[in-house]
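Here's a quick briefing to read alongside the model. Have the sequence and the 3D view open as you go.

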Amino acid sequence: MAGAAECGWFGSFLCFLGAATALCYLLKWSWRTWQGFQVYVLSKIWRTDLREYGQWAVVTGSTAGIGRAYAIELARRGLDVVLISRSQDKLRRVADEIESRYGRKTRVIQADFTEGHSIYPAIEEQLKGLEIGILVNNVGMNYAGMLVNFLDVPDPEKRITEVINCNILSVTQMSRMILPQMVERRKGLIINMSSEAGSQPQPMLTLYSATKIFVTYFSRCLHAEYQPRGVTVQCLTPFIVSTNMTHNIEVNPLVKSASSFARDALSTVGYSSFTSGCITHALQHIALTIFFPGWLRLSPFCVRRVEKFAQESKQQIEERMAQCQKKQE
Ligand SMILES: NC(=O)c1ccc[n+]([C@@H]2O[C@H](COP(=O)([O-])OP(=O)(O)OC[C@H]3O[C@@H](n4cnc5c(N)ncnc54)[C@H](OP(=O)(O)O)[C@@H]3O)[C@@H](O)[C@H]2O)c1
């Protein structure tokens with residue numbers, strides 16, 4: 001009799017525990033779905049007016065790909081734009097397009113972010129006197145144009161410095177340069193381009209993946225520090241966007257074009273400070289986190305598979321890189 005009563009009590013307790021856990025998960029997923037709906041659906045209807053941040057936007061790496069698309073979308077939404085990249089010709093072309101299509105003012109600054117500290121005083125000088133409302137730290141480069149082991153690039157010593165200067169130093173130095181005037185006005189937006197490749201450790205993209213997790217942590221901490229002083233720091237972690245970096249891979253439901261990505265991602269401003277930028281990339285992030293977690297990516301089995309895939313696809317990627325190079329010239 002006593003045993004049956006004890007069993008009944010224990011059974012009820014387990015039922016309660018099960019129901020409470022199910023309720024917690026239901027509330028968590030309902031909350032996440034509502035947040036996702038706000039960030040990726042409502043944001044397209046009720047857009048933040050980006051002109052509220054200030055007159056000028058500065059975009060690094062703005063002559064091609066995501067950076068160019070951001071510069072054009074920012075001009076379309078009413079901001080004057082400072083374009084920064086390496087090639088004067090390409091800078092002039094994008095600037096002319098913005099001026100003629102959207103009637104916005106532009107300035108161009110020629111700089112190579114792989115060069116390190118020496119370039120920043122000249123950039124600072126050329127930005128003097130501008131009311132900069134938005135900074136887009138977009139410039140970034142891969143370690144190699146494909147999946148490779150850490151030592152398998154020509155002149156790794158030089159390449160490591162270039163990638164760190166371009167992907168990490170640029171974000172920190174440009175933020176250091178422009179943040180003070182935003183803090184003074186208690187208004188500003190810094191958008192930092194991280195990557196899905198930084199969301200989990202990614203062998204064969206080792207240095208790139210590591211620089212991108214730096215960008216993510218830097219952005220999230222900076223946001224926590226400066227949001228109370230009126231400055232938003234948004235970190236974006238896109239999946240695959242069709243650009244020179246991805247050898248202009250065909251656009252499909254999973255791969256975004258740069259212009260469509262920039263449009264969607266800019267709409268999330270004011271709704272999220274840490275986002276994939278668009279709904280298809282957010283869904284791919286969730287699927288990868290569940291089905292391809294960090295421990296699996298780091299396992300010897302997976303690393304061997306990725307190495308094999310890299311070998312098999314090497315020739316095809318080299319051909320695509322050559323085509324892209326020709327197209328850019
Ligand atoms: N594409 C993707 O799938 C993807 C996914 C996740 C994250 N991202 C991130 O998004 C950002 C942009 O990528 P993207 O795919 O648009 O790249 P991209 O097509 O290669 O364009 C790079 C832009 O940066 C400029 N640039 C390159 N190296 C530079 C340097 N050393 N100094 C100054 N400017 C330089 C290039 O112009 P010039 O050649 O004229 O200098 C170009 O305007 C990167 O931070 C990347 O890591 C991309």
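Predicted model: local features only at pLDDT ≥ 70, side-chain atom pairs only at ≥ 80, totals over all residues.

What follows covers the sheet, the helix packing and the ligand shell.

Residues are numbered from 1 along each chain as its sequence is written. Helices (H or I, at least four residues) and strands (E, at least two) are DSSP runs, numbered from the N terminus.

**The sheet**

- Seven strands form an open sheet with parallel pairing, in the order S3-S2-S1-S4-S5-S6-S9; two strands pair if DSSP finds at least two bridges between them.
- Strand S3 (106–110) and strand S9 (274–275) sit at the edges with a single partner strand each, so one side of each has no neighbour in the sheet.
- Strand S4 (residues 132–137) runs parallel to strand S5 (residues 188–193), and four bridges join them.
- Asn137 stands opposite Asn192 in S5.

**Helix H2 and its neighbours**

- H2 lies across strand S1 (56–60), strand S2 (80–85), S4 and S5, and runs at about 170° to S1. Axes here are lines fitted to C-alpha atoms, for helices over the stretch in contact, and angles run from 0 to 180 degrees between N-to-C directions.
- With helix H3 (residues 88–102), the axes of H2 come within 10 Å and cross at roughly 25°. That makes H2 roughly parallel to H3 (angles under 35 degrees count as roughly parallel, over 145 as roughly antiparallel, 65 to 115 as roughly perpendicular and the rest as oblique).
- Arg68, Ala71, Ile72, Ala75 and Arg76 in H2 touch Val94, Ile98 and Tyr102 in H3, where contact means that the C-beta atoms, placed from the backbone, lie within 7 Å.
- That H2–H3 contact splits into six nonpolar, no polar and two charged residues. Ala, Val, Leu, Ile, Met, Phe, Trp, Tyr, Cys and Pro count as nonpolar, Asp, Glu, Lys and Arg as charged, and the others, Gly among them, as polar.
- With helix H7 (residues 258–267), the axes come within 8 Å of each other and cross at roughly 55°, so H2 and H7 are oblique to each other.
- On the H2 side, the contact with H7 uses Gly65, Ile66, Arg68, Ala69, Tyr70 and Glu73, and on the H7 side Ala258, Ser259, Phe261, Ala262, Arg263 and Leu266.
- By class, the H2–H7 contact has seven nonpolar, two polar and three charged residues.

**The H5–H6 pair**

- Helix H5 (residues 156–185) and helix H6 (residues 206–226) pack at an angle of about 10°, their axes 10 Å apart, which means H5 is roughly parallel to H6.
- Among the H5 residues in this contact are Ile160, Val163 and Ile164, while H6 brings residues including Phe214, Val215 and Phe218.
- The H5–H6 contact has 13 nonpolar, four polar and no charged residues.

**Around the ligand**

- Which residues are closest to the ligand? They are Gly61, Gly65, Arg86, Gly140 and Thr243, out of 29 that surround it (a residue is near a molecule if its C-beta atom, placed from the backbone, lies within 6 Å of it).
- Helix H2 (residues 65–76) gives the largest share of the shell, three residues.
- The shell has twelve nonpolar, 14 polar and three charged residues.

Methods
Contact = placed C-beta atoms within 7 Å.
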